[in-house]
Amino acid sequence: MNNILKINFARRKKLTGVLGLALDGSRLEGVVLRRANGSLGLQQTFSATLSLDPLTAAPELVGREIRNHLDAAGIRERRCVAGIPLKWVLAAGTEIPALAEADAAALLQMEAERGFPCDVTTLRMANSRCRLPDGKQHVTLAGIPNEQLAALEQVLAAAKLKPLSFAPGITALQPPAGTPVPPSDSPDPATKTSASVVRSPGVLALAIGESQVSLQVTAGGGVAALRSLEGAIEIEGARRTLHAAMVARECRITLGQLPAALRAAVRSIRIFGPRDLARNLSDEMELRFEPLGMTVEVVSAYAPDEFGVALPADAAVSPAFSLAARLLTGQAPIFEFLPPRPTAWQQLAARYSSSRLRTAGAIAAGVVLLVGGLFLIQEIQLVILRSQWSGMAAKVKDLDNVQAQIRKYRPWFDDSCRDLSILRQLTLAFPEDGAVTAKSVEIRDGALVNCSGTASDNAALLRTLSQLRAANGVADLKVDQIRGKSPMQFTFDFHWNQGGGNEN
């Protein structure tokens, strides 16, 4: 997946213009950016209130409404990046030990199944990893239901737009400081230097939306927490009231749930949103957090080096602008939720899969020629092989006679102690501290081994399985079942392929 993302974003670096959209409740904001001569130019902006809900209304009607707003603003750009409302995102946090990437992916899959209140196969998943000083990683898991993403794709298609990226807007407003932690390719990630990553500046970002406040904590090179604070904004007619005390309380709760190393790295709070509401929230946050040594800032303008290129002087801080600017400057989003697209071959096959006789005849002729060529090659190879066989047939017959004599007089029993060898290999793979124990071991036909037992935690079980996979004679190791948490009950099986004595 990482390679695919790199290739996609390498191609997107060639973009010269894009439409940035940010959906927040019924509010839709957009900007059109162009990149030229090492700078970004702001071409057009628009803001509209949608009368239809993109998730419940007919996609054709919502798309037509969006298209009408774009036409009224004179926007003709088709390629877009869409900012997804944070309330669509399901998030959960977990910690994983220093593991090989294959084992880490399996562990994250299990944690996702435990942490999310739905079937993870119905979600489009992404994650962000924060490195801890002891080599562990704090991982933020994020998922969006596939049906919501499909509805958004249909709406944008109806609006004649081509989406290039789906990402939460707050992750573009405040990305993690420094380079995000990539998945480890080393069998022992603990050998990598991590203290400098954890000491990177941590930021608690708050983005004031139409009816909610988005909360994000970045530290350790990744996103450590992601939340949508529903009920933080109360709407009475045309007036919006922000409950600053509630937001401050939820911030303290969120920080308290983080590992101590990440919590200590968070030294600043950045607030995005309308100036009046942001100022009120800033006063409350200063009162609560400045005694803890944290600074509070209301972000009203981009830093000159925010995106590595020159910015227009009139650029207002917004999720739509940040998403479009990061896409044009080749910066991949922290969480990418755009569903995979069909390959060019699949699209071509779907496009020309009609029943036209001419196309069918051409394909049939090609198949006949191909099959005939293969038969001709096969016949030539058979002639060569028959010639070689005629020269060695006498020697093969003599060898067959010798083998027959050997099979007749050699022992019928197996002297390799196969069962003891299997049990010895299992014993060497299990840890000496008793973190993983076996309750039963069943050996069938001297080759199929089934083992069940208990483990104190995921990490101990994964280390045992890794050692067993690397052992001589072990093949096709499969985990059949894992139940419980502490202790965990497991069952796995494998095939024993180590050669033994003669069984005849």
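Predicted model: local features only at pLDDT ≥ 70, side-chain atom pairs only at ≥ 80, totals over all residues.
Residues are numbered from 1 along each chain as its sequence is written, and side-chain values use heavy atoms, with hydrogens and water left out.

**Stop 1: the second largest pocket**

Select D24, E29, I208, G209 and P319, the residues that lie nearest the centre of the second largest pocket. A pocket is an open set of points on a 1 Å grid over the protein atoms alone, with protein on both sides within 12 Å along at least five of seven lines; lining residues have an atom within 4 Å of a point. The volume here is about 620 Å³, where a volume is the space filled by probe spheres set on the points, and points are joined across faces, edges and corners.

In total, 31 residues line this pocket. Helices (H or I, at least four residues) and strands (E, at least two) are DSSP runs, numbered from the N terminus.

By class, the lining has 17 nonpolar, eight polar and six charged residues. Ala, Val, Leu, Ile, Met, Phe, Trp, Tyr, Cys and Pro count as nonpolar, Asp, Glu, Lys and Arg as charged, and the others, Gly among them, as polar.

**Stop 2: the largest cavity**

A cavity is a set of grid points where a 1.4 Å probe fits but cannot get out. The structure holds three cavities of 30 Å³ or more, and about 100 Å³ of space lies in the largest. Among its lining residues are L21, A22, L23, A82, G83, L152, V155 and L156. The lining has eleven nonpolar, one polar and no charged residues.

**Stop 3**

Two packed helices are described by the angle between their axes and the distance between the axes. Axes are lines fitted to C-alpha atoms, for helices over the stretch in contact, and angles run from 0 to 180 degrees between N-to-C directions.

Select helix 7 (residues 244–256) together with helix 9: they pack at about 45°, with axes 9 Å apart. Helix 7 and helix 9 are therefore oblique to each other; angles under 35 degrees count as roughly parallel, over 145 as roughly antiparallel, 65 to 115 as roughly perpendicular and the rest as oblique. Their crossing is right-handed: a crossing is left-handed if the near helix is turned anticlockwise from the far one by less than a right angle, and right-handed if clockwise.

Contact means heavy atoms within 4.5 Å. On helix 7, the residues that meet helix 9 include A244, V247 and L255, and those they meet include L281, M285 and F289. The residues of this contact divide into nine nonpolar, one polar and four charged.

Now pick M246, also found in helix 7. Leaving aside neighbours within four places in sequence, M246 is in contact with E230, G231 and A232.

**Stop 4: helix 13 and helix 14**

Select helix 13 (residues 418–429) and helix 14 (residues 458–469), whose axes come within 9 Å and cross at roughly 135°. These two helices are therefore oblique to each other, and their crossing is right-handed. Q425, L426, L428 and A429 in helix 13 meet T464, Q467 and L468 in helix 14.
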